Amino acid sequence: MDWNKTKSIFIAVFLILNAFLYYQYLSSYQEDQNREYLTKNSIEMLLKEDNITFDSLPNAVENLPYISANVKSYSYGELPKKNNLQYNIIGDNELIATFNEPIKIQDTASPAIFKEFLNRYVYEGAAFELWEIDEEARTAIFFQRVNDHTLYYNINANGYGYVKIYWNTDDEVIMYEQTMLENIKPSKKKENIDQPLQILQTLYANDLLKTNDKITSMKLGYSTLVQITQTQVFAPTWEVRIKSVDGIEEQYFVVDGKVIDMKQELQKEEDPIENQLNNDRIDDQIEEPVEE
C-alpha cells in the first residue's frame with residue numbers, strides 16, 4: 001500500500017470536510033443575522049402600522065442565570081420587638097402580623113407612603129418592592145427583590161416571597177402577611193435572554209398587542225420554574241405592562257419565548273386572611289401567638 005498516497009488522500013478529505021463545515025457555519029451565521037434583521041424590522045413595521053407606541057425600550061440586556069432559593073422558616077425569637085404587633089407563624093413559612101392598634105395610612109394610593117410603612121413596620125421590609133395597590137379590596141402587594149430583580153410568584157399555596165398589607169374602611173392597616181425566600185444562589189450557566197423587540201414580537205404573535213396600545217414598561221425579573229420541597233428555582237422573566245386606548249393596563253410575563261398567564265393564578269388565589277376569619281385557620285395550625 002502506498003502510505004504517502006493514502007495520507008495525502010486523508011489530508012485532502014479533511015481539508016474538504018473542514019471547508020464544508022466552515023461554509024455551513026458561515027451560512028448558519030448569516031441566516032441567524034438575517035433572521036434577527038428581519039425580526040427587528042418586521043416587528044417595528046407592524047408596531048408602526050398598528051400605532052403601538054412606547055417611550056423607550058430597555059437597552060440590550062445581558063444573559064442571566066437561573067436562581068434557586070429556600071423557603072424561609074420563621075421563629076418568634078428573630079422577629080423585631082414591636083409593642084403594637086402580635087405575631088403568628090403558620091406552618092413555619094408564613095408570618096401573620098396583627099396590629100393591636102391599627103396604623104393610619106394618609107394616602108392609600110401613594111406608593112411612597114406604603115414603602116415608608118414597609119420599611120418602618122414590616123419585618124425585612126426593605127427587601128420588597130411594591131407590585132400592586134388594590135383600593136377596592138384594601139390591600140397592597142409587595143414582591144421580594146434579589147440583585148435588583150423582582151421575584152414574581154404564582155399567588156397560590158406554593159407562592160413565596162411576598163408581603164400583603166390589609167387595611168380597614170378607615171384607611172388603617174390592621175395586619176400584614178409575609179413569606180420570604182433565603183439562601184438565594186445563581187446557577188453557574190447564564191441563560192440567553194430574548195431582547196425587548198423579540199418579546200414584543202412574542203406578544204404580538206399571541207394577539208396581546210392591540211391597535212393604539214402603549215407599552216408603558218418592560219422589566220426583567222424572575223418567576224417560579226419549579227418547586228422541589230422547600231426549594232424553588234426561578235427563571236429569568238420579562239414583565240411587560242401595556243395600556244390600551246381605553247386606559248386599561250395589563251401585565252404580561254414572558255419566559256423562554258412563552259407567555260405565562262399569572263393573572264389567571266391571581267384570580268384563582270384563595271384569600272388566606274378570609275380563611276383565617278372564616279375557618280379559624282390560624283388558631284388550629286400555629287403555636288400560641290407572641291405579643292411584643
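Helices (H or I, at least four residues) and strands (E, at least two) are DSSP runs, numbered from the N terminus. With that noted, I looked up Tyr 166 and found it in strand 8 (residues 162-167).

Ground rules next. I'm working on a predicted model, where local features need pLDDT of at least 70, side-chain atom pairs count only at pLDDT 80 or more, and totals for chains, interfaces and linings use all residues. Residues are numbered from 1 along each chain as its sequence is written, and side-chain values use heavy atoms, with hydrogens and water left out.

**Tyr 166, continued.** Is Tyr 166 buried or exposed? Its relative accessibility is 6%, so I put it down as buried (under 20% relative accessible area; exposed is over 50%, partly exposed in between, with a 1.4 Å probe and protein chains only). Its side chain makes a polar contact with the side chain of Glu 177, at 3.2 Å. A polar contact is a pair of N or O atoms within 3.5 Å; within protein, one must be able to donate a hydrogen and the other to accept it, and residues adjacent in sequence count only if both atoms are side-chain atoms. I also checked Asp 134: it is 32 residues from Tyr 166 along the chain, and their C-alpha atoms are separated by 9.9 Å.

**Whole chain.** I counted six helices and 15 strands. Of the 292 residues, 37% are buried.

**Aromatic pairs.** How many aromatic pairs does the whole structure hold? The search gave me eleven. Rings of Phe, Tyr and Trp (its six-membered ring) pair if their centres lie within 6.5 Å; planes under 30 degrees apart count as stacked, over 60 as edge-to-face and the rest as tilted. Phe 117 and Tyr 121 have ring centres 4.9 Å apart and planes at 40 degrees, so I logged the pair as tilted. These two are four residues apart in helix 2 (residues 111-121), so about one helical turn separates them. An α-helix has 3.6 residues a turn, so residues three or four places apart point the same way. Both Phe 117 and Tyr 121 are buried. Together with Phe 99 and Tyr 176, they form one aromatic cluster.

I then looked at Phe 143 and Tyr 152, an edge-to-face pair with 6.2 Å between centres and 80 degrees between planes. Both of these are buried too.

**Charges over rings.** The cut-off is NZ of Lys or CZ of Arg within 6 Å of the ring centre and within 35 degrees of the ring normal. I found Arg 241 over the face of Trp 131, 4.4 Å from the ring centre. The charged end of Lys 72 sits over the ring of Tyr 74, at 5.7 Å from its centre.
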